[in-house]
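Hi there,

I'm passing this structure on to you, with some notes on what turned up in it. Please have the viewer open as you read.

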Amino acid sequence: MMDKLLQEALEHIANASSTATLKEVEVSWLGKKGRLTNLLKELGSLAPDERKAKGQALNELKRQIIEAIANRELAVVQAELDAQAMGERLDPTLPGFTPKAGRLHPLTLVIDSVEDVFERMGFHILDYPEAETEFFNFDGLNIPADHPARDTQDTFYLTDGNLLRTHTSPGQVRAMRDLKPPFRAIFPGRVFRCEATDASHEHTFHQVEGLMIDRNVSVAHMLHSMMTLLTGVFGRQVQVRLRPGFFPFVEPGFELDLRCMVCDGAGCPVCKQSGWVELLPCGLVHPNVIRHGGLDPSEWEGWAFGLGLSRLVMMRYQIDDIRWLLSGDLRFVRQF
Ligand code: PHE
């Protein structure tokens, strides 16, 4: 009887030509309700002598079936892989896939080059909060409570009484409190103004503030640093002019204009036909600000500037609308 069963099982196994049918065969013999399993269950009802002999025989049969299935499986799997390989065609002459490289945003590129220039001149690079207190954004900078810059038109106030910084200048007072003078530092970052947007205005834009605190600081130091900055960023000689400018936190205050890099001063829409672009407000730090920074203005002096990074980016890459910068449009970023 055992021989007959083995014969039958081996036949089933040999006829299974795929892994799926082989599995079915396995289940039909060895599964929970398989034929061999059922025979093994019946052993319980036999007399002890008979049970022992038949049990041994059935277990031997089981071992042989398992072995036969394992051997058959090797062959079936190999055949399936071969069939798959034959069915697929590989054409090594087809062009490959070129991975798309990411690009740095033009703002990042310009911030990197600004940081590079100032690091070489021994400046710290600092990062200050975008949500500020009224003190650091205004009072500490000698901007009195009735100054028009405090008008809610320009400032985004937060519900907790703080605000989104309207410029990077709050870092001036913070840096004086954080660092031991003499020191030099720049702090680039985002600033926010509640303004209607157009080609040259955004509610969110970038500035980089520069501050040097030392003894006997003059406008000449300031100008030298700013010329080094501009020639470094543009990679060529630039022409500038200095006009008086008013900011409550500097005295004297200036506006530094750059000869338009788009039209070389001939007049174009970017410079509004004037040949000059307002780029760098700056000046010597007001004694009140030095005092708010915790320093003695009779000992320490400084210069500060607030560079419009967004505008610098537009100049360097000749971008005609500031709204591209934060548009999130990849077609824009991929050009740089
Ligand atoms: N914080 C000023 C602004 O955003 C610019 C500025 C910075 C002017 C430093 C003078 C000195 O308009």
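The lining of the second largest cavity is made up of three nonpolar, two polar and one charged residues. Those residues are Tyr-128, Arg-165, Thr-168, Gly-171, Phe-187 and Pro-188, and the space they surround comes to about 30 Å³. Please keep in mind throughout that this is a predicted model.

How many cavities of 30 Å³ or more are there? The count is two, and the largest cavity holds about 40 Å³ of space. Around the largest cavity you will find Leu-107, Glu-202, Thr-204, Phe-205, His-206, Ser-310, Ile-322, Leu-325 and Leu-326. Sorted by class, its lining has five nonpolar, three polar and one charged residues. Which element gives the most to that lining? It is strand 5, residues 204-214, with three residues.

Next, the largest pocket. Its volume is about 1400 Å³, and 50 residues line it. If you want to find its centre on screen, look for Arg-193, Phe-205, Gln-207, Glu-278 and Arg-311, the lining residues that lie nearest to it. Several elements give two or more residues each to this lining: strand 5, strand 7 (250-259), strand 8 (276-285), strand 9 (301-308) and helix 10 (309-317). Strand 8 gives the most, with seven residues. By class, the pocket lining divides into 26 nonpolar, 13 polar and 11 charged residues.

An N or O atom in the side chain of His-167 is 2.9 Å from a nitrogen atom of the ligand. Ser-169 also faces a ligand nitrogen, with a polar side-chain atom 2.8 Å away from it.

Most peptide bonds are trans, and most residues other than glycine have a negative phi. Where are the cis bonds that I noted? One joins Pro-181 and Pro-182, with omega at about -5°; Pro-182 sits in the loop between helix 7 (170-178) and strand 4 (183-192). Another runs from Glu-251 to Pro-252, with omega near -5°, and Pro-252 is found in strand 7. As for phi, Asn-142 has a positive value near 65°, although it is not a glycine. You can find Asn-142 in the loop between helix 6 (134-137) and strand 3 (163-164).

Finally, the overall layout. The domain assignment gives domain 1 as residues 2-85 and domain 2 as residues 108-333. How many Å separate the centres of domain 1 and domain 2? Taken over C-alpha atoms, the separation is 83 Å.

Note on methods:
Residues are numbered from 1 along each chain as its sequence is written. This is a predicted model: local features need pLDDT of at least 70, side-chain atom pairs count only at pLDDT 80 or more; totals for chains, interfaces and linings use all residues. Side-chain values use heavy atoms; hydrogens and water are left out. Domain bounds come from an automatic or database domain assignment. On a 1 Å grid over the protein atoms alone, a cavity is a set of points where a 1.4 Å probe fits but cannot get out, and a pocket is an open set with protein on both sides within 12 Å along at least five of seven lines; lining residues have an atom within 4 Å of a point. Grid points are joined across faces, edges and corners, and a volume is the space filled by probe spheres set on the points. Helices (H or I, at least four residues) and strands (E, at least two) are DSSP runs, numbered from the N terminus. Ala, Val, Leu, Ile, Met, Phe, Trp, Tyr, Cys and Pro count as nonpolar, Asp, Glu, Lys and Arg as charged, and the others, Gly among them, as polar. A polar contact is a pair of N or O atoms within 3.5 Å; within protein, one must be able to donate a hydrogen and the other to accept it, and residues adjacent in sequence count only if both atoms are side-chain atoms.
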